[in-house]
Amino acid sequence: MIPLLLIIPLVFALFSVLLPRAPIKLIALPGLVLQLIASLALSVQIYRHGASDYQLGGWETPLGITLHANGFTVTLLTLTAFIAIVCAVYALVYLQRYRHEQRYFWPLFWFLLASLNGIWLSGDLFNLYVGLELLTFSAVGMVALTGSKPSLRAAIRYLYAALLGSLGFLAGVGLLYGQYGTLAIQDIAEISNAAAPTQVAIALMTIGLLLKTAIFPLHFWLPPAHGGALAPVSALLSALVVKASFYILALLWLDLAPEAVAPAAAQLLGALGAGAIVWGSWCAFRQSDLKMLVAYSTVAQLGYLMFLFPLSIGTSAVAAELAWQGTVLHLLAHAFAKAAMFLSVGTLVLALGHQSIKDLAGVSHRVPLALFAFGLSAVSLMGLPPSGGFNAKWLLLQSALLSGQWWWFVIILIGGLMTAAYVFRVFRVSFVEEARHQFAPTHWLLDVCALTLAAAAILLGFVSQWPLQLMQLVPGGSG
Amino acid sequence: MWFDVILGIGLIVAAVGVFRSDELFRSVVFFVTFGILLALTWLRLQAPDLALAEAAIGAGLTGVLLLDTLGVLKRPAAVKFNLAKHALATIVALGAAAGLAWSFWTLLQLPAPTYNLVETLAANIDDSGVSHGITAVLLNFRSYDTLLEVAVLLVAIVIGLSLRQSLRQSLRHDDAQSDGDETVTGATTSPEQQAPALLKSLVHLLVPLLLITAIFVLWAGSTRPGGAFQAGALIAAAGVLARLGNIDIASRVNLLLRTGLTIGVFIFLLVAVSPMLTGYAFLAYPPGWAGVLIILIELMLTISIGLILLSLFIHAPREKRNGGSS
Amino acid sequence: MSLSFEAFNSDFWYACIGAVLFVVALYAFIVSQPLLKKLLAFNIMGSGVFLMMVGLAQYQHGPDSVPQALVLTGIVVAVAATALALVLLRKWVLSGGQA
Amino acid sequence: MNELLPVAVIGTSLLAAIVIFLLPDAQQRVRSTLNIGAALVKIALVAWMTIGIYQQELFETRFTILPGIDFVLRADSLSMLFAGLSSLLWLFTTLYAIGYLEGSPHRSRFFGFFSLCVASTMGISLAGNLFTFLIFFEMLTLSTYPLVVHRGTEASLRAGRTYLRYTLTGGAVLLLGVALLYGYAGPAVGEFAETGTLREVAGLDTSVLIAIFAVLILGVGVKAAFVPFHGWLPVAMVAPAPVSALLHAVAVVKAGAFGIIRIVYNVYGIEFSAQLGVLLPLAVLAAVTIIWGSLQALRQVELKKRLAFSTVSQVSYIALGVALFGPIGSIGGLVHLLHQGIMKVTLFFAAGNYAETLGIHRIDELDGVGKRMPGTSLAFTVGALGMIGLPPTAGFISKWYLGIGALEAGMAWALGVLVLSSALNAAYFLPILYRLWFKPVRGAWPDEKILAGRFETDPWLLLPTLATMVFTIAAGLLAAHAWSPLSWAILVSVREYLP
């Protein structure tokens, strides 16, 4: 069952390269439905029988590559499949006016999915490297799809930053192989110690992955790339692509070499996260372009994920578990909310014909559903109840309290208010009465996609138990 | 022993040469010399495959792409000294240097790694279908990496094609062709006009020779250093040479080219999935069939890689000179 | 501190050379202003990492096919990255950008 | 069946909101019927539950929302008090709003958020633990913002920004308090129990508990418009009349007051709070707000601004009642929650009528309005007298109980405060009444619109005003009746004190 999730996207990617324009769009949705069914089936299997490994080519770990599927992996797989379907439906309608880009969007889309699934499932360090490269290339390709000057410039900066990050990661892999002689994460985890090569390797890989996750000092490439790209592309990038490198970072720090990472280093990561929240929100507040505001909001929200490290390394088991649950919920809620926000902003820009926040006047009357989706996703981003974002914020607050680290507690609270500051800037203007310019009609399906994702972010607030149980973090799940 | 020291120093000098020279052409030349020195280094590290690959792909093809790009680039703007960037670079570089030195120093003291893949590989080599270690790893033990790697190449060329098209798209003068199957050709000098006699004869001599070596390298891959990637690079080199000699190949982006590009991954996936129907794992070869299937996959991969690397050269975005083919 | 002489054979020497290349290229990548030179720096940095990978793996128990296979994959990926960067660079320059 | 009722109550207005959002503006008839239908269904459900509560039945919906924390909707005697008030007044405010917004743009958007707002108020009243209360408390902020900025003018947007700044910060402070409480004393403490749960938890340091109490009251106090944080209330007057009526009489302000009651009675427990000594500072804060609000009201020139400041002081009566340690005092506080709601709605409806029909916004333009609009002026008079606390209006009942409660709790100065504030109420209401009835009409009305032939104004506007007037008097006269707000308040406080 596990390899199916790798085979489906690759096969559909190949067909998308081969076939001319019309059939590509036809095969897109069935393929994605197939993928969602496969990931749900795997989730049920994992929920019932616990984590399972899969040896590719039949070879055991030191020599061959094993895929590892546990609760967290499966949650991410289902998240990817769900967001991919909604973004695909949006893209089918949205790209009708971009005839050329449509031809090359779908192959890159499928390769992106193949690499994401590969990363979630992989249990081998070098395999993660190749997966990251495939992910970066497809993402850069999608950013540069329109071929306009700003998007090319953004794509180049994104590619250079990502390549630098991958080399840092590869250098770390080289050192780990030098010390342990194997590339399998499970094997290294058993025999990992806090010797110099491991620590330096983890440091190098961390810097590389921070660059790829665009965490605060290294976030320069994200806003132009996510802000300038087509709406479905920025939704996919902000919701999923940046999370892949964070997932690997968490894998390294918490599974691969827990003793090699000192709590002081974890506090540093937390400080970077706090910096991301403050700086990202401040920049988002000062943006005059709607999509850039949402892109900087991604930079800010990624900061919350960094709190996983200070709250779970060097703290009590209960605090660590709360931190882990909070981070997972934040990852899910942010994926839904940010994808919904980018899609709704895409519809607004289509209707308005421009992206400046100043004259969003009259939007609430002419494009109400898009604005409503923007509102719902904003509720989750601000961490206001009832939303997934709120539950995540709550868990992180509790974990900060339990582990006595009140400074993260303050940052999380203030972060919510700062998000509110820049989000309500958009609302304030959209309620202004005199609509000076006319509105282009937009397809109703665009709003439906944005609303589905926004509703998912809100609904997550009520059903947070499902993903947590699925990850066997909460008693109730088996295995 | 002294040769290694000199070679090492040579590598560093070449690298510094690349960065010190302010004229881009000189940097590229230094870079190609660096590539060749690196090929020698791989020989000293008993890695003939890598030497072959580095020479063909690293120094050869990258060099060609770089030189071709130099033609397009305008004069780079004057470089103004930015203290902050230098300071940041020194800090980062020193940090990395210290970390690496410290880890290298400790590695020397540490006992041998617990896992010794050399023995495990030797134990499993005979039922991997090939006798050459690297091909066994690439196409059997860690074949998933290779699958993803060719997918990476495929993505690179897909982006190349997408960016090439949109330039023509914005020029708005051949809309008719854009919706159906793109048959718009790469814009290079029209064939049979300006090829100088010396180049023509060189091409007629070298291209067949390159193709034969490529086939040999491909075939040798299962027993001796060689394999799909090196053979693919040689085919690409032959193609580039033919292009420069104005022989029009693979210039039309049509279904044929696209099948050529994807055939490698397609067959690889087909071979990887079909045993699953009879209960084997994904990417597992049914016993006894491994050798034959690996050769089949390598053949297809060579075609694909050759075409991809060639297309990356041909279809790179360039100005439209004297009417070209549109 | 049992630094025996055979341990310091050519493989470890090349690993050190790789490390030096990595550091020098990292410095150059950040400092150099023209995008093409940054790309060259990236390639050299990649080669440095590859040297480290093979050198560190082999300095104790001789030639080992697994890191060599990984480096082969690495070289191909590096070529793909360079080709992609060049495509973007050319497109950027052709549409009026400053390399 | 009983677990579904609380969800059904909230569900009716949620469903109504969603359907109304999708309706185009022109569908006037469908939207009105939907609105009124939803209001009636809600009143019926609330009545059903009230009867059930009377016979000690249990209505509770519970599911785990986070590890160790449940999402609980439970109807108990106190929640019925607030739910009853909200559902009743929402019916009248909807009728009023339909009339008031005739022909103005964005009606679907308005009524959508209008029902969302009431859904959150219902959620607040039915919340079974502090976590669920926090969820609906924040939902209320989000659903009321679009109502405040409904007109889209520069002034209303500025008002919206101030409103948000206060309420979102208040929300963050409340989240801080709730997180601290759950973190420090464990999630079980959050459950609302008749006499509070905090007492049983052993080994808690009282100084920390007092600090958490202060943070909680601060968080809720912003919405209850305690003095330093009342800034948003007068500024939000720029919103249309039904919104000011809803915000001040029913939803936002009462939610704040209700929050204080929940925290003092059902989380800390009245005896434990007295033991901690937190009641006195609360009473002082309430008293200060009462006096400050009345003084400010005196200085106002605009009618709605004066009513706004009078609300600031009136709501603190409830807080004062809660802070008076004794059954009589808490009866006074609880019953005032209802009475103040009914009276303030009447006043705002009247003010809205004046603005809509004659274009009157300032108090000095009110000369001789009594003759032109007798019905509305009568309602205004009854409401004003109720505010002052003269019999037979409802206001008198609550002030009477508050007075006795103050004496019984040994806080004589509180009685002084009550008397002084009643005097101040008289000082700023009686001149208006004098202008209404005894002053001759000065000239043409600023912006007279003939809305309906026979009636003085649009029947949709007049009838709700008169209805709430009747309720004000009924609540006063029929106080001793079994189903009156007073007897219900007695039932609630009896359960609070004698476990």
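This is a predicted model: local features need pLDDT of at least 70, side-chain atom pairs count only at pLDDT 80 or more; totals for chains, interfaces and linings use all residues.

Modeller: Let us take chain B, whose pattern along the sequence is α-α-α-α-α-α-α-α-α-α-α-α. Residues are numbered from 1 along each chain as its sequence is written, and chains are lettered from A and ligands numbered from 1 in the order in which they are written.

Chain B has 326 residues, of which 45% are buried; a buried residue has 20 or more other C-beta atoms within 10 Å of its own, with C-beta atoms placed from the backbone. Among the contacts in chain B with a separation of 6 or more, 74% join residues 24 or more positions apart. Two residues are in contact if their C-beta atoms, placed from the backbone, lie within 7 Å.

We may now turn to the neighbours. Between chain A and chain B, 52 residues of chain A are in contact with 54 residues of chain B. On the chain A side, at least two residues each come from α1 (4-18), α4 (99-121), α5 (125-143), α6 (149-180), α7 (185-191) and α8 (196-213). The most is given by α5(A), with 9 residues. By class, this side of chain A has 33 nonpolar, 15 polar and 4 charged residues. In this division Ala, Val, Leu, Ile, Met, Phe, Trp, Tyr, Cys and Pro count as nonpolar, Asp, Glu, Lys and Arg as charged, and the others, Gly among them, as polar.

Chain C also touches chain B, and this contact takes 65 residues from chain C and 74 residues from chain B. The elements of chain C that give two or more residues to it are α1 (10-31), α2 (35-61) and α3 (65-94). Of the side of chain C that touches chain B, α3(C) gives the most, with 22 residues. The residues on that side of chain C divide into 46 nonpolar, 14 polar and 5 charged.

Conventions: Helices (H or I, at least four residues) and strands (E, at least two) are DSSP runs, numbered from the N terminus. A residue is buried if 20 or more other C-beta atoms lie within 10 Å of its own, exposed if 12 or fewer, and partly exposed in between; C-beta atoms are placed from the backbone.
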